[in-house]
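Here are a few notes on the fold, for when you have the viewer open. Have a look first, then read on.

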Amino acid sequence: MRKLYSIGLIRGLLWQILGTAIGIGILTGIRILLHLPAWKAESAFVLGALLGALFFVYGIGAVDDWIKVAGGKEVHEPDESSWGSMRYFGVSLDHKVVGIQYLVLSLVLMVVGGSFAMTFRTELANTGMQFLTLMEYNTLMSLHGMVMIIGILVGVGAFMNYLIPMMIGARDMAFPRLNAFSFWLAVPASIILLSSMALGGFDTGWTGYPPLSARAPIGIQMFFLGVSLAGMGTILSSLNIITTALRMRARGMTGFRLPIFVWGALATSLISLTATQLIGLSFQMVMFQRLFGMGFFDPAKGGNPILFQHLFWFYSHPAVYVFVLPGLGIISELLPVFARKPLYGYKWVALSSFGIALIGFLVWGHHMFASGMAQYLRVPFMYSTLLVAVPTGVKFFSWLGTLWRGKIVFPVPMLFVLAGIIVFLLGGLTGPPNATVATDLHLTDTYFIVGHFHDTMFGGYVFPFFAAIYYWFPKMTGRRMNETLGKIHFWLMAPAFIVLSSMMMRTGLLGMRRRIADYDPTLNITNDHRVMTVAGFLVALGILVFIINAFWSRRNGEIATGNIWNSRSPEWQVPSPMPVHNYDKPFEVVGEPYDYGLPGSVYVKFMEEE
Amino acid sequence: MEHPSKSSTLQLGIFVLGALAVLTAVEFTIALTVNIWQVLAVIPMIKAGLVFYYYMHIYRLFQADTEVDRESFAYKLATNRMGLWLFLISDSFIFGGLMISRINLLGLTRPDLIQVLGLVVTSVLLISSFFANRAEVSMEYGDHKQFILSTTLTMSLGILFLVGVLGVEWRLAPFGPETNLAGAVFYVMTGFHAFHVLTGVIFLAIVLRNGLRGLYTAEKHWAVEASVVYWHFVDVVWFFFYPALYLIGTLAK
């Protein structure tokens, strides 16, 4: 029993249950003292969930050191090298452990969110309602969106945490305790988000627009609270990333010698540092509207529902760049390795990430062309949106230039990189019709948007994400993943996904509306839906193969401790897996990062002991 | 870093406080007489600029020396400063979002609040910022006695502000959060701000307790600097919220 309690995660969960109970108890107690009816479910569950999350981070020990500092005691970093695999189940200050924790949480969330999608995808295989009620369908559909988004945010955090200190030659993140704290905040946040299913669910879609969200079941409060807490974690994590990348670089690593992935991560962190506050605020305002009767978004009280959409999209549009910029960075990082050529137009690619991020702040209104916002705003938002194509085009141009006449090899990571480029191109090309007001008024809220969005997410995040796992798995474990299983995963997933998203767009043009549980048989799209369902299950099967591969290879994979990809990046110049504080000897950057194939060029030079 | 003499820092602190007080008085007078919202929007920016530079020492961010040893205190201090300021930038977006909501929902109207009380709590917070500055400067000169006194005063004034807003204004306001839009905006803006004041008071209390035990020295007092900079930031937020809630526009129905 005591042994079980010593595992951080178990302790945290027990404390979360305790905190939830205390929160519900406090609220009920106050209501009894005030002679109100004792039980008010909504307020009780909100306070309970909030306290539960705070108790979780306390229980697991993520704030122990801060409490000690506040109490005037000295804190020391524990020596983690003897902890073994238990490091992964509790608070660890090593950025590599935190990165892998993020990675596992991300995979868990995405499997959960994906299984939601499979469930309602099966429901859609035929017209009429098969086995779900309308409310169940709506809840699964809404949660699929938000669970996947949190999963992607966590996955982005995984690679930023794992790679950046290694790539820039730092011992660790700038604020290791804050790093652990931001990760452990995401765990109770995910639990709260998923608990919305048990509290009546909600039927608003992942956007949670009022007035509908103002009268949805209590589940919506858990949704709002979970997302707010997870958002807080990403804010703190991006603060950490920016500080680390600006302050902890190795000697000689000037701005234009940074790995492209770090540039992408900086642009990403800039967005999540600032804009995330506004989605948190918009969600909290709806929470307050429901709890205290405030009339922000209630037209009957003079409120303005459109205001919510502005606040919401000010984050939620740049958020898609948060999802894709690190992924595009991984593509730029891996292409030169497998094409054995210098990255084409390094400076332009580096700056294009910031271009995308900055323009991304000015385009949110394109989600609201049909919302009833002031008409004169539509045209500037249309042009600013189309402008995003310019820096994105720079990236595509660079990728083509890098591939051009390269000595390309095709191990599994490269396959995923190439699929990522193709699928992201499909997603990019289907964007301008949605950005153009005239066509968007026809396409808005159809499956065309769904297809476009899934293309950008898979191309910009999912495929590069898998490429990165296959690529850096040896760095994490010292063993490489099985190539054959990896190729099966790829050939199951990539073609099926392209069929799936193309069919989404086709049915959208034929009149399939998004977010609805049923469709008219006379639209003649039933067969298309069946194809989509089959394709969806093939994608899921591919991911199952991947999970089996990861578990199997962790113990039995081919041993790979050296520089198996012939990379120039500093983390591959030392044996895998890395020790607790990364490099035994510091290194100095003496050349350009991506000069693959140029004879005699050196990127990093390790300093000898004096 | 060359240090100006101790008395000159006191003079500077008083001068900044005076300038802030004059600007607040100007704000108040303009609001009661001509009520030009453009002026009422610009004055807080000037006030914020003064505090950013003279009280929060924003220029220290750009003095970070990259050549010193990575493990040295000076290098870590500069890193911590950057982290704190990034946090403040992030936090200012939530207050910016509240301001935008207020502008969108209320426009050129304002909630029906007690003007005198508004001026009093604003002055309390201004003066607390002065003492926060004194606390930090005293610590820089190793004057523990002055530091303890100033921190205690800052905290007390902060608590007084909370009593003024939560204890008096919230109770006396002729509307509740559910009555009308003005009420909703007023409670959410003051609520968010008061939460930050409360965390600032707690932060200062921790610093005061550790200061009493003599944990800070003239050279090493990052916690003091951080709590004081955070306190000034909360004050700057109020510079914008005060005219937005009390001064700009006509009374909302």
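1. Start with the contacts: of those in chain A with a separation of 6 or more, 81% join residues 24 or more positions apart. Bear in mind that this is a predicted model. As for secondary structure, chain A has 20 helices and 4 strands.

2. On overall size, the radius of gyration of chain A is 24 Å, which agrees with the value near 25 Å for a compact globule, because that is what 610 residues would give. The C-alpha trace spans about 75 × 60 × 45 Å along its principal axes. Of the 610 residues in chain A, 56% are buried.

3. Now the inside. The largest nonpolar core holds 262 residues, and Trp184(A), Leu193(A), Val262(A), Leu334(A), Phe416(A) and Ala467(A) have the most contacts inside it. Helix H6 (residues 134-168) of chain A gives the most to this core, 22 residues. Both domain 1 (1-72) and domain 2 (92-606) of chain A put at least three residues into this core.

4. Then the domains. The assignment for chain A gives domain 1 (1-72) and domain 2 (92-606), with C-alpha centres 31 Å apart. Their contact takes 18 residues from domain 1 of chain A and 19 residues from domain 2 of chain A. Which helix gives the most to the domain 1 side that touches domain 2? H3(A) does, with 12 residues. By class, that side of domain 1 of chain A has 12 nonpolar, 4 polar and 2 charged residues.

Technical notes:
Residues are numbered from 1 along each chain as its sequence is written. Chains are lettered from A and ligands numbered from 1 in the order in which they are written. This is a predicted model: local features need pLDDT of at least 70, side-chain atom pairs count only at pLDDT 80 or more; totals for chains, interfaces and linings use all residues. A nonpolar core is a set of buried Ala, Val, Leu, Ile, Met, Phe, Trp, Tyr and Cys residues joined through C-beta atoms within 7 Å. A residue is buried if 20 or more other C-beta atoms lie within 10 Å of its own, exposed if 12 or fewer, and partly exposed in between; C-beta atoms are placed from the backbone. Helices (H or I, at least four residues) and strands (E, at least two) are DSSP runs, numbered from the N terminus. Domain bounds come from an automatic or database domain assignment. The radius of gyration is taken over C-alpha atoms; the globule rule is 2.2 Å times the number of residues to the power 0.38. Two residues are in contact if their C-beta atoms, placed from the backbone, lie within 7 Å. Ala, Val, Leu, Ile, Met, Phe, Trp, Tyr, Cys and Pro count as nonpolar, Asp, Glu, Lys and Arg as charged, and the others, Gly among them, as polar.
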